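Hi,

Here is the structure I promised to pass on. Have a look at it first, and then read on for what turned up.

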Amino acid sequence: MLYDCIIVGGGIAGLQAAIQLGRYEHKVLVLDAADGRSAICRSYRNVLGWPKGVDGQELRRTGRLQAERLGIQFMEMEAERAYQTEKGFLLSVKNGEGVTFSAKRLLLATGVKDRIPGFEELRPCMGKSVFICPDCDGYEARGERTLIIGSGKAGVNMALTLLYWTRDLIYIEHEPGGIGASELSRLEEHGISYIGQPVSRTIVEDTSIKGVVLMDGQQIESRKAFLAFGGNEVRSGLAVQLGAAVSENGHIEVDPRSKQTSVPYLWAAGDVTVHSEQLAIAMGDGSQAAIWIHKSLL
Ligand SMILES: Cc1cc2nc3c(=O)[nH]c(=O)nc-3n(C[C@H](O)[C@H](O)[C@H](O)COP(=O)(O)OP(=O)(O)OC[C@H]3O[C@@H](n4cnc5c(N)ncnc54)[C@H](O)[C@@H]3O)c2cc1C
């Protein structure tokens, strides 16, 4: 079947685009690898209409239902390769044994994958007591002791940013990242404690972090933590395969009005684009891309 549009990524931007395209009654397939940021974040608290927060998994579940009611098809698959054809685009999927999907238009809403080495036990805490984004959740740490668990300059920058909300900060450089004397003196200057040794285990109750135990047995109590390891993966590989322009750090460049990339009929939306990495913005991007995809199909 030739779809009007394939959306790669069923996170926030992809789902919002799917809902919008469904309301034009276009034939749309969403290919989703079912991971990504919205699958990790258990509470978004800066979103209009959800003063007590909303779970990313719940948003994804209800968003998918809403799109399915509009006739959108979903498949849990990872798109691996993309090709341009006379009619539009052809996609092959991982472990797909030759299965391909074709569409007149392609929207990439593949997001960013945060590098979090280990710490599986912190999953239920993500967005509740353990965070990654100061713009989203710095507010949750205001006035409280807060750990930064990370590596190198990413952790230093996170600690310095969090000074806006709290002065009680401890940077645990869990993974050696080669920070030097100048970074250490900046931390000291701002009263940020620095510990250069790995976390042996975290102390977690339900969705709350209570603290960590370091390799030397020292226990540090804290009810808030930020992870900052750097090296996040911008999932723009399919755009690169198709020859679309990407920025130095891998984000897909799009037209600000239409969200179309430098390749005709190829769109991108959400965190994978040059973007503020926020839920509301990803949603807006998805909607905007869908409107312009619709116009291009007329
Ligand atoms: C812990 C945490 C807390 C956060 N807190 C906040 C907050 O409080 N407020 C806020 O505004 N934002 C917050 N964010 C950021 C927010 O989650 C993102 O901005 C938002 O999820 C971006 O949506 P997206 O659709 O671009 O990407 P995602 O939600 O990451 O969705 C991308 C989707 O694409 C899929 N995908 C990727 N590659 C492929 C492929 N090749 N084939 C098929 N599928 C693929 C993934 O599986 C995923 O489902 C937080 C993020 C995290 C991790």
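Domain bounds here come from an automatic or database domain assignment. For this protein chain the assignment gives domain 1 (2-114 + 232-297) and domain 2 (120-228). Before going further, two notes on reading the rest. Residues are numbered from 1 along each chain as its sequence is written. This is a predicted model, where local features need pLDDT of at least 70, side-chain atom pairs count only at pLDDT 80 or more, and totals for chains, interfaces and linings use all residues, while side-chain values use heavy atoms, with hydrogens and water left out.

**The two domains**

The centres of domain 1 and domain 2, taken over C-alpha atoms, are 32 Å apart. Their contact (heavy atoms within 4.5 Å) takes 10 residues from domain 1 and 11 residues from domain 2.

**The ligand**

The shell around the ligand draws at least three residues from each of domain 1 and domain 2. In total, 37 residues surround the ligand, counting a residue as near if one of its heavy atoms lies within 4 Å. The closest are Asp-32, Asp-35, Ser-38, Tyr-44 and Leu-279. By type, the shell divides into 16 nonpolar, 10 polar and 11 charged residues; here Ala, Val, Leu, Ile, Met, Phe, Trp, Tyr, Cys and Pro count as nonpolar, Asp, Glu, Lys and Arg as charged, and the others, Gly among them, as polar.

Four helices, α1 (12-22), α2 (37-40), α4 (134-137) and α8 (279-297), each supply at least two residues of that shell. Helices (H or I, at least four residues) and strands (E, at least two) are DSSP runs, numbered from the N terminus.

Which atoms come up against the ligand's oxygens? A polar side-chain atom of Tyr-44 lies 2.6 Å from an oxygen atom of the ligand. For Ile-12 it is a backbone N or O atom, 3.0 Å from a ligand oxygen, and for Ala-109 a polar backbone atom, at 3.4 Å. The protein covers 98% of the 1000 Å² of accessible area that the ligand has on its own. Accessible areas come from the Shrake-Rupley method with a 1.4 Å probe, and for residues only the protein chains shown count as cover.

**The loop between β7 and β8**

Asp-114 sits in the loop between β7 (112-113) and β8 (130-131). Is Asp-114 buried or exposed? Asp-114 counts as buried because its relative accessibility is 15%, and the cut-offs are under 20% for buried, over 50% for exposed and partly exposed in between (1.4 Å probe, protein chains only). Leaving out residues up to four places away in sequence, Asp-114 touches Arg-37, Ile-132 and Asn-232. With Arg-37 there is a side-chain polar contact of 2.7 Å. A polar contact is a pair of N or O atoms within 3.5 Å; within protein, one must be able to donate a hydrogen and the other to accept it, and residues adjacent in sequence count only if both atoms are side-chain atoms.

Gly-118 is found in the loop between β7 and β8 too. Gly-118 is partly exposed, at 42% relative accessible area.

**Other loops**

Two loop residues have a positive phi without being glycine. Glu-25, between α1 and β2 (28-31), has phi near 60° and is exposed at 72%. Asn-95, between β5 (89-93) and β6 (100-108), has phi near 55° and is exposed at 74%. For background, most residues other than glycine have a negative phi.

Lys-27 lies in the loop between α1 and β2 and counts as partly exposed at 42%. Not counting residues up to four places away in sequence, Lys-27 touches Met-1, Leu-2, Tyr-3, Asp-4 and Cys-5. A polar atom of the Lys-27 side chain lies 3.4 Å from the backbone oxygen of Leu-2.

Ser-43, in the loop between α2 and α3 (56-69), is buried at 7%. Beyond four places in sequence, the residues that Ser-43 touches include Lys-52, Asp-55 and Met-126.

**Helix α5**

Finally, in α5 (residues 152-162) the buried residues are Gly-152, Gly-155, Val-156, Met-158, Ala-159, Leu-160 and Leu-162. These pack against α4, β9 (146-151), β10 (169-175), α6 (181-189) and β15 (224-228).

Cheers
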